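User: Can you walk me through this one? I'd like to start with the salt bridges.

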Amino acid sequence: MRHTLAEVIEIDLQAQPPRLQSVELQALYRREGEVTRRMASRQGLWVAVAVYLLFAATDILLVPDVAFYAILARLAVGATAIAVIEVLFRLDAETKWFDLTCAGALVAGYWGWLFPSLMTSQTESISYYMIFGAIFMMGANLFFSFHFRLSVVTSGIVLATFFLALIFYIPKSVSYQVAFGTFYVSCFVFTCYVNWKLNRERYKVFLNAFEAKIQQKEASDRGKALLRLSHTDSLTGLDNRRAVDQKLRDYWSDWQRGGKSFAAILIDVDFFKRYNDFYGHQEGDRCLVLVANALKESIAPYDGSIGRYGGEEFIVLARLKTREQAADLAEAVRHSVETLALPHEQRRDGMSIVTVSVGAGFTRNQIGSKLERLIHEADRALYGAKANGRNCARLFDPNDPQSSDESENIAALLKIAIDQNLVSLVYQPIRDVATGRVDAVEALMRLKMLDGTSVPPSLFVPIAERTGAILDLGRWVIGMVCRELLASEHVPVVSVNVSPIQLRSPGFAASVAAILGETGVAGSRLAFEITEGLEMEMHSDILRCIADLKTLGIRIWLDDFGTGFAGLSWLRLIDFDTVKIDRSFLHDCDTPKGKAMLRDIIGLVRNRGHKILVEGVETEEQLALMRQFRIDHVQGFHVGRPAPARNFQTPPPTDKRRSRARPH
């Protein structure tokens, strides 16, 4: 029976004792390691030649009468070996020629040193100097990644040469010959065995890595298939709610970044419950399929996308330039279903066919604009169409009377917040878990209304980002942090939350540098927290800005790790100084599964070499767990609540209780 490659790999890994390696896998192993071995051989030979030439000093000390010839031989062998390996490298020769060159260089180097040295009159010195030859055997077996047979042949030639020199050139006692002969043979056997083991382990590592690659590809293929299934409505074949939500975010992101306007159109089958109850579920499903196909054809000229948004509700997304085009598309959608003329005899509104009500929303520049609002507008238009007798299309009209929008008030407030002293800062301590001392504080922005009412950050920060007010607020925060705490060295480090809007803004890094220069604060005492999330796409401007900030010495922290979608990609792309694990993972530690998940996340981050900060420590039990997990820093109400700058402008008193609780 013929095995697949994956099965052969598994058999080779599980075989006890190890069986002969398959020819196919051996060939693959050699091909996979070609480039790496060539580079390793080249670098190894350069290092070996350098060490070989350094031993010229020993020639001068031990065999001064023939040192000139020995050194000349060393130079000749070294130069020749380097020249040959560089030619092979330029010609991109096969790996076997690199190995043969290195093996030949080892043998030639041994001969080039041995024969001139044997001509010396310093017999006592050369008798001890002979131990130098063992290095060449070790090099053949350990220094280079030779295949086992080549290493044995190379070190065997060195061993044979030594015994010839021992018999014919060195007039020493039998005890000397036995002692040095035993030493050389021991080195030969030991290093050959180690080489054999190393080759075995390299092959095993290759098998494990290759098996993992195959498994990853299979998992990736399965994942893509599952993703397609998870994004497709099983009945109609259209996008399902999950896929629609993702496309909505993509359309909205393009609108926010590039001004690509679009329409969101909600479609609801009129009196569908009555249809389903009267004709049966099978006919109801058939009706939905026919409606879906008609809708799909109607939007084809507009290059739009369509999905099933609920039971009998659909949604159409299309990039359009004007409101008139959105109104035309909404009407085309309605008309396409009407022309199907599917019988619906249970209606009591004067119609006897299946129809749809359509509500459309169109992107427009407005204060506090957000995706949810656009869908809400389309939904309101849909209800307006239903209220108007169904089988009609309505486009949301922003001039219709509607309730005041709180976000518009906040957006207006943000424009005057700095001038009117409506914005302020508080600082939350970040403590070292081992020592209990405050190593840093996080700056948190607060906003109040003109009447003194506080506005939650969860409300005003997103509005500030969407309106661009975050740019001025962000610069104000950085300057205030430097003046209030860093300039007078009240705390070692202050972290500031930075949004992707700021990182994408031209000149942001330069403005930060100017603030640091004006206040005389070192960049290393400032940390910027970047929140993981959908907004943190792999944007070249963001990556470039982060690189500029790190050049200033500013620390870059990843905030709320684990809550977004791109955390692992960011860990791969950016060398974060600290990773803050979201509080939700700590609060889920009441269950074994939650604790295991937190442990896994900590292990992942720790293996990347980042410092770890866990947010949301609110009890002594949670702090004890952080000590158990050897977390670097913690933050939360249990270790320090947000407070104004004056609370940090004098050294904090020693916390004796915390010192006693310090782990040993």
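**Salt bridges and burial**

Analyst: Arginine 334 counts as buried, at 9% relative accessibility. This is a predicted model.

User: What does arginine 334 meet in a salt bridge?

Analyst: Its partner is glutamate 331, at 2.7 Å from N to O. Glutamate 331 counts as partly exposed, at 34% relative accessibility.

User: Which residue does lysine 580 bridge to?

Analyst: Aspartate 559, with the closest N and O atoms 4.0 Å apart. Lysine 580 is in strand E12 (residues 578–581) and aspartate 559 in strand E11 (residues 555–561), so the pair ties together parts 21 residues apart in sequence. Lysine 580 is buried at 0% relative accessibility, and aspartate 559 is buried at 5%.

User: Which residues are in the salt-bridge network?

Analyst: Glu442, Glu529, Asp559, Lys580 and Glu615 are linked in it. The structure holds 24 salt bridges.

User: Switching topic. Where is glycine 78?

Analyst: Glycine 78 is in helix H5 (residues 67–91) and is buried, with a relative accessible area of 4%. Its C-alpha atom is 7.7 Å from that of alanine 105, 27 residues away along the chain.

User: How many helices and strands overall?

Analyst: The chain has 26 helices and 14 strands. Of its 664 residues, 45% count as buried.

Notes. Residues numbered from 1 in each chain as written. Predicted model: local features only at pLDDT ≥ 70, side-chain atom pairs only at ≥ 80, totals over all residues. Heavy atoms only, no water. Helix = DSSP H or I, 4+ residues; strand = E, 2+ residues; numbered from the N terminus. Buried < 20%, exposed > 50% of the residue type's maximum accessible area, 1.4 Å probe, protein only. Salt bridge = Lys/Arg side-chain N within 4 Å of Asp/Glu carboxyl O.
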